[in-house]
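Here's a quick tour to read with the model open beside you. Take it a topic at a time and find each residue as you go.

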Amino acid sequence: MKKELTFQLKSAFHSNNFIIVSSISVLFGIICFLIKCAECYQTDIINVPSAYQQFFANVRSNDTFIAIFSIACPFLIAAAFSDSYVTESNNLFTSICIIREGKNKYYFSKLITVFICGAFVVITPQLINLLLCLIAFPQESTNLYTWDLWQADIFTVDIASDWFLFKKLYIFSPYLYFFVFIMISGMISGIIAVISFEISFFVRNKIFVTSFMFIFINLTSVFFESYMIPYNIINCMFGLSVSGITFQSFVITCSIYLSVMIILIPFSLRRLKNCI
């Protein structure tokens with residue numbers, strides 16, 4: 001298992017898809033940071049927002065950035081390595097790996113690799129962006145408060161709402177709060193990547209595999225937002241998403257995606273057996 005997993009990880013990290021997708025996601029995080037720097041150029045220091053306000057995955061402060069990233073990330077997640085089985089199957093490389101290491105070792109090592117790659121392309125740009133913001137901007141700022149303290153409605157209105165997840169953590173440390181959401185978004189992204197990978201055993205088409213979850217998640221997001229249904233997976237991924245999900249619906253939504261991933265495993269293995 002360890003040998004096959006090492007091989008799959010090396011194959012993933014050297015694949016053109018992973019390199020291109022990772023570069024795009026990292027570049028997005030850097031560009032968001034540079035835009036924030038340009039906005040604050042020659043601004044008095046007391047009016048410069050804090051680093052966590054400038055963080056591009058802060059839904060409340062940067063809704064445009066996160067809207068773009070939310071739309072694109074399901075495609076980036078799947079394009080990283082989820083279609084690798086289709087490529088290897090077309091090249092007859094899958095049969096060689098199965099003969100050498102066994103069906104289970106091949107499948108689960110690839111599943112773990114797909115999960116890591118999917119998480120990587122979402123976690124990395126956020127970490128880089130947050131780190132750059134911490135370097136360039138103050139950790140705390142009076143910009144949060146305008147002409148009186150009540151204008152900081154994130155503390156007087158938003159936190160009191162049921163939609164605000166992990167409110168005690170945010171009050172304790174906004175930076176720890178966003179770090180937790182970065183890890184959550186990585187876990188969810190890994191699950192989405194694995195589901196796309198499992199789909200490839202039923203439809204051996206790279207375009208379908210990389211685009212199915214992209215289309216499904218974005219269509220369901222539009223539907224859920226239109227009818228105020230709190231089961232949008234995108235709202236589970238990013239911090240300060242105060243208008244779409246409760247803790248209960250957060251748990252239910254994540255559990256559904258996790259359950260789908262687990263349920264598809266034996267069916268995928270059965271399909272894999274046919275290529276031996």
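The structure holds 29 aromatic pairs, where rings of Phe, Tyr and Trp (its six-membered ring) pair if their centres lie within 6.5 Å. This is a predicted model, so local features need pLDDT of at least 70 and side-chain atom pairs count only at pLDDT 80 or more, while totals for chains, interfaces and linings use all residues. Residues are numbered from 1 along each chain as its sequence is written, and side-chain values use heavy atoms, with hydrogens and water left out.

**Aromatic pairs**

- A pair of aromatic rings is described by the distance of the centres and the angle of the planes.
- Planes under 30 degrees apart count as stacked, over 60 as edge-to-face and the rest as tilted.
- Phe 13 and Phe 18 form a tilted pair, at 5.2 Å centre to centre with 45° between the planes.
- Phe 13 has a relative accessible area of 36%, so it is partly exposed, whereas Phe 18 is buried at 6%. (Buried means under 20% relative accessible area, exposed over 50%, and partly exposed in between, with a 1.4 Å probe and protein chains only.)
- Tyr 52 and Tyr 175 make an edge-to-face pair, because their ring centres are 5.4 Å apart and their planes sit at 90°.
- That pair links distant parts of the chain: Tyr 52 is in helix H3 (residues 51-54) and Tyr 175 is in helix H10 (residues 174-199), 123 residues apart. (Helices are DSSP runs of H or I with at least four residues, numbered from the N terminus.)
- Tyr 52 and Tyr 175 are both buried.

**Helix H7 against helix H12**

- Helix H7 (residues 103-136) packs against helix H12 (residues 247-273) at an angle of about 130°, with the axes 11 Å apart. (Axes are lines fitted to C-alpha atoms, for helices over the stretch in contact, and angles run from 0 to 180 degrees between N-to-C directions.)
- That angle makes H7 oblique to H12. (Under 35 degrees counts as roughly parallel, over 145 as roughly antiparallel, 65 to 115 as roughly perpendicular, and the rest as oblique.)
- H7 passes H12 in a right-handed crossing, which means the near helix is turned clockwise from the far one by less than a right angle.
- On the H7 side, the residues in contact include Tyr 106, Tyr 107 and Phe 108, and the H12 residues they meet include Leu 264, Ile 265 and Leu 269. (Contact means heavy atoms within 4.5 Å.)
- The residues of this contact of H7 with H12 divide into eight nonpolar, two polar and two charged.
- Leu 131 is also found in H7, and it counts as exposed at 53% relative accessibility.
- Leu 131 and Ala 51 are 80 residues apart along the chain, with their C-alpha atoms separated by 8.8 Å.

**Helix H4 against helix H11**

- The axes of helix H4 (residues 63-81) and helix H11 (residues 206-226) come within 8 Å and cross at roughly 155°.
- That makes H4 roughly antiparallel to H11.
- H4 passes H11 in a right-handed crossing.
- Among the H4 residues in this contact are Pro 74 and Phe 75, and among those in H11 are Met 213 and Phe 214.
- The contact of H4 with H11 splits into nine nonpolar, three polar and no charged residues.

**Ser 61**

- You'll find Ser 61 in the loop between H3 and H4, where it counts as partly exposed at 33% relative accessibility.
- Leaving aside its neighbours within four places in sequence, Ser 61 is in contact with Lys 36 and Gln 53.

Methods
Helix = DSSP H or I, 4+ residues; strand = E, 2+ residues; numbered from the N terminus. Nonpolar A, V, L, I, M, F, W, Y, C, P; charged D, E, K, R; others polar.
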